[in-house]
Amino acid sequence: MTPWMASGLVYASGLALTAGSITLLYIVTRTFNFAVASMATFGFYVAYTGVAIYGGLPYQYYPLVFLFGSFLGIVCYYGLNRHLLYRQAAEITLMMSTLGYDLVLLSFIQMYADFLTHTYRLFPRRVTMNTYDFELFGERAAAIILPIIAIVFLTALHMFLTKTKFGVAMRATIENPILAGASGINSDKVYLVSWVISGGMASLGGAFMAMAMTGSPTMGMFTIPLMFAGAILGGLTSLYGGILGGFMIGMTEYAGVFYLSQQLGPWVLGYRMGIPLILMAVTLLFFPRGLAGIPLSKYLKSLSGKKRGDGV
Amino acid sequence: MSSEKMNGIKFDPREFFLRREVMVIIVILALLTFLYSSRGVNIILTIFIDFAVFAIITMSLNLETGYTGVPQFGRVAAVIIGAFAVGAIPGRIMAAMMGLPSGLEYASDTVNFRLVPEITALLTTSYLYSLLFLLGSLAIAAVCGAGIGWLISRPAIRLKEAYLGISLLAFGDFFMWVGHNWTGLVGGSVPVNVPDPFRIFGGMRFTIIVLVIFVIAFLVFLYLQKLTKSPFGRSLRMIRDNDVSAGAAGKNIVSVRTQSLVIGAAIAALGGGLYVLYVSSVASIGFTRLTFTFWPWAFMMLGGIGSNIGVLLGVFLLSILRTMIVIFRYQWFGFLTVFGIDPLWLEFTLLGAVIIIVILFMPHGLVPEKIEPMLPKSRVRRVLERRQLAKEGAK
Amino acid sequence: MLTVTNLNSGYGKLQVLYDLNIEVPGKGITVIVGPNGAGKTTLMSSIMGIARVTSGEIIYENIPIQGELTHNLAKKGISYVPQMGNVFAELSVMDNLNMAGFLMPRDEVKKKSEQMTEIFPVLKKFIHRDAGTLSGGERRMLAIAMGLMKNPKLMLLDELSTDLAPIIAEKVMMEVARLRDELGITILMVEQMAKRALEIGDNAYLMVSGEVRYSGKADDLLHEPELCSMYLGIKPDSGQIADVAKPSVEGSEE
């Protein structure tokens, strides 16, 4: 593997999880979750705190990362989102509410970084998580382990959504909330579980991304347009589309920067985030429904079922 | 409601003081008095400048979001363009006219710090030069802003709701990165100085700036009040409330929305340009999504989406609170420093908390949008009187 | 069994129903007919806690249920077959039935869904196919089967016959009559096929513009020539009342 591919894989796996998190929450609750930014950053800080203070490998803290993200999701649901969903608030209001939550979390992250500096004499504002990694088959372990974790996690999620009763009930609620309610499915629980899963996914994604970039309190804030770009590229109609979209955004960024900087010179590095955004803009120009609007989605459909709201 | 009250003939002091606008103004005045007595006049002037600059930007946001229904999450883009235009263009024009280097090297810090004082020196020789420079800068900012507003509106305008918001956010960020990296424009991460048209006033500079920005903010306010009451403003609200029926009524939705985005971007760029002239340097790092998109959103939501007066009050109140956190952070939140935490971060907490509280408990803000008749008050009164007469006649 | 008194409800700021009074006696079919926009579907939504009830009472088995959450009503034994989107198109027929029995224990769901596939053999044939691929008639069958899964005491059927070919619609009506006669389920149905519905129904309400214009025996409404021709498009004295009580198992097959 070339160096850009290794980091690209790590980074893209992280983006795939965060974009999947945004998509999942959007198709269940119509909420565009801005707080994914801070949830991701918090995910990174949980892993960082673990390795920096208690030692070991970053990977062993991932369950904790997931749990913490879920906790943030639960707080947001009960504190904010639930009331607005019952009020049938507009999409923009839902989005703004998560933005408010995100900013509060961001301030907590900044304070936590101060706290780490002060109490443990760490440097939490410029962290290279790579230094805690080890080598596997002559590669950075992250480039192999993280995609595997992502695939295992997504397979588990897929099994949950197709094989368990509650997972099927979640899909039923996504497709037709009224009929699901009339069948006795408690939408409240469905929303809660979707917040739990998507919060955990966001945090896990943040912990992944920190293995490929410099970890800082604002890393979520700077990458959130890309997470959204991934979700939008995926078409916002299927979870798998979102995951694929995030992955593509991440890989394009790394591949594009690598080749363009070879062709045009290193100044391209500064504009790296422009590359995936151009990809998104071009895709939207030709396929306003994102990846789901490309015939490719026929293959996706066999994985995910049909578009939302299809049928009678 | 009796017709007497509607005509405003009878003045009820109790009702007057219980009106939300009045209550907010009283709170603002109380806070200002408190700040004045404890910190002196300079802090008040700083708040005024903050208020005026952000009022311009937030009113432009309110035009696009409140009146047109476009979730403008990329406000920072137009502000940046305004700021960069003022930072890059008028200075270069002056330099070219004076026979100084005006190409890409203008922005490099070794050249820039010698060039700009020379230009400023020329400006201080004459009030006319200063005035022309000020007006020219603002015109350039507005034109560039309008251009960028049009450019951004092209791919985005046909998208809907949250989709549109996210795309605008992404475009805003794109311009942010361009500013941070394109050193030839305004120096990238190194600040570029801007010739100062207010230097001519010497010690009065600060006061004059406050006055000028205030006057411009007031003009923008008047213009927007007029615009939103015009037939164009009616089309905007019609499209916001129901774009399908507006389309059916023969409104060209895309064109009306584009116009609104262009006007909004021009005004926001004006705000950005004024800010740069006030600071007299452009540091592209300072123009972040947080400061120039999310704060204006919080201002607007607190004040009341779709109400210009509300927006002004929201900006004022929140600017004061924000300044107070910065000033009194060690006094009030000193306990945080025990853990090594800088209380400055509470600014973000305040911003987030305001957004959350407004959404949960005051969805329409301090001064909710009023469903007003489109005619001036005097004519409404005349119509009502005529109707009253007709009714009595019928009896 | 279900009493609606002075119900005012609507969506958002729009009020649709004005002081509506409906009485659904147990073990019978109550038919609600009326022109488009009369608020029939809104009545159903109000009962199920989907539309916003501003005032009035809905009493089900002596307990007021207005403002109750939809899934709690399902627990109380009310099942609702909406007009649009009455099956989960993305799930298989099997999963649809499982979801309909969400509140029941696993073995009971299994027993019950076997019973359903016996009543509606067509479902057995397509048990692993996505519901979205079924034909209109098959979907209605599935929708009714889903409604029946949880042994309801009260069934709300919203415009079962819409989009169906006349012959199939006829068969669906037969099924409904049979549910009452054989399983003793109370049914409140809204129907566009007014004549056929009134023929199998016991009680009838005619709704116009959110208000009740007529209430009484279903047969009697059929003999009100003025109302029939004005609102229902039924020609006066056109038909005798058909013999509908004849159950037909074959009727559910294509």
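How many bridges pair strand β1 with β2 in chain C, and in which sense? Strand β1, residues 2-11 of chain C, pairs with β2(C) over seven bridges in the antiparallel sense. I will come back to that pair after some ground rules.

This is a predicted model, in which local features need pLDDT of at least 70 and side-chain atom pairs count only at pLDDT 80 or more, while totals for chains, interfaces and linings use all residues. Residues are numbered from 1 along each chain as its sequence is written, and chains are lettered from A and ligands numbered from 1 in the order in which they are written.

A word on terms. Helices (H or I, at least four residues) and strands (E, at least two) are DSSP runs, numbered from the N terminus. Two strands pair if DSSP finds at least two bridges between them.

I start with how the chains meet. Two residues are in contact if their C-beta atoms, placed from the backbone, lie within 7 Å. Two pairs of chains are in contact, and of these, chains A and B share the most contacts. Chain B and chain C are joined by no contact; their closest C-alpha atoms lie 14 Å apart.

Where chain A meets chain B, 34 residues come from chain A and 31 residues from chain B. On chain A, the elements giving two or more residues to the side that touches chain B are α3 (62-86), α4 (91-120), α9 (219-233) and α11 (274-286). Of these, α4(A) gives the most, with 20 residues. By class, the side of chain A that touches chain B has 21 nonpolar, 11 polar and two charged residues. Here Ala, Val, Leu, Ile, Met, Phe, Trp, Tyr, Cys and Pro count as nonpolar, Asp, Glu, Lys and Arg as charged, and the others, Gly among them, as polar.

One residue of chain B shows the A-B contact in detail. Which residues does I355(B) touch, leaving aside its neighbours within four places in sequence? They are M96(A), L99(A), G100(A), L103(A), A298(B) and M301(B). I355(B) is also among the residues with the most contacts inside the largest nonpolar core, which has 302 residues. Others in that group include I56(B), A269(B), A145(C) and L156(C). A nonpolar core is a set of buried Ala, Val, Leu, Ile, Met, Phe, Trp, Tyr and Cys residues joined through C-beta atoms within 7 Å. A residue is buried if 20 or more other C-beta atoms lie within 10 Å of its own, exposed if 12 or fewer, and partly exposed in between.

Chain B itself has 17 helices and two strands. Of its 395 residues, 45% count as buried. The C-alpha atoms of chain B fill a box of roughly 85 × 55 × 45 Å along the principal axes.

Next, chain C. The contact between chains A and C takes 20 residues from chain A and 25 residues from chain C. On the chain A side, α6 (165-175) and α7 (177-182) each supply at least two residues, and the largest share, six residues, comes from α6(A).

Chain C has 10 helices and 10 strands. A compact globule of 254 residues would have a radius of gyration near 18 Å, and chain C has 18 Å, which agrees. That radius is taken over C-alpha atoms, and the globule rule is 2.2 Å times the number of residues to the power 0.38.

Back to the strands. In chain C, four strands form an open sheet in the order β2-β1-β4-β5, with antiparallel pairing. Its edge strands are β2 (14-24) and β5 (63-64) of chain C, each pairing on one side only. Helix α1 (residues 40-47) of chain C packs on this sheet, touching β1, β2 and β4 (52-60), and its direction makes about 75° with that of β2(C). For such angles, axes are lines fitted to C-alpha atoms, for helices over the stretch in contact, and angles run from 0 to 180 degrees between N-to-C directions. Is α1(C) mostly covered or mostly exposed? Mostly covered, with seven of its eight residues buried; among them are L43(C), M44(C) and I47(C). After α1(C) comes G49(C), whose phi is positive, near 75°.

Chain C also has an open sheet of six strands, in the order β6-β7-β8-β3-β9-β10, with mixed pairing. Within it, β3 (residues 29-33) and β9 (residues 203-208) of chain C pair in the parallel sense over four bridges. V31(C) stands opposite A204(C) in β9(C).
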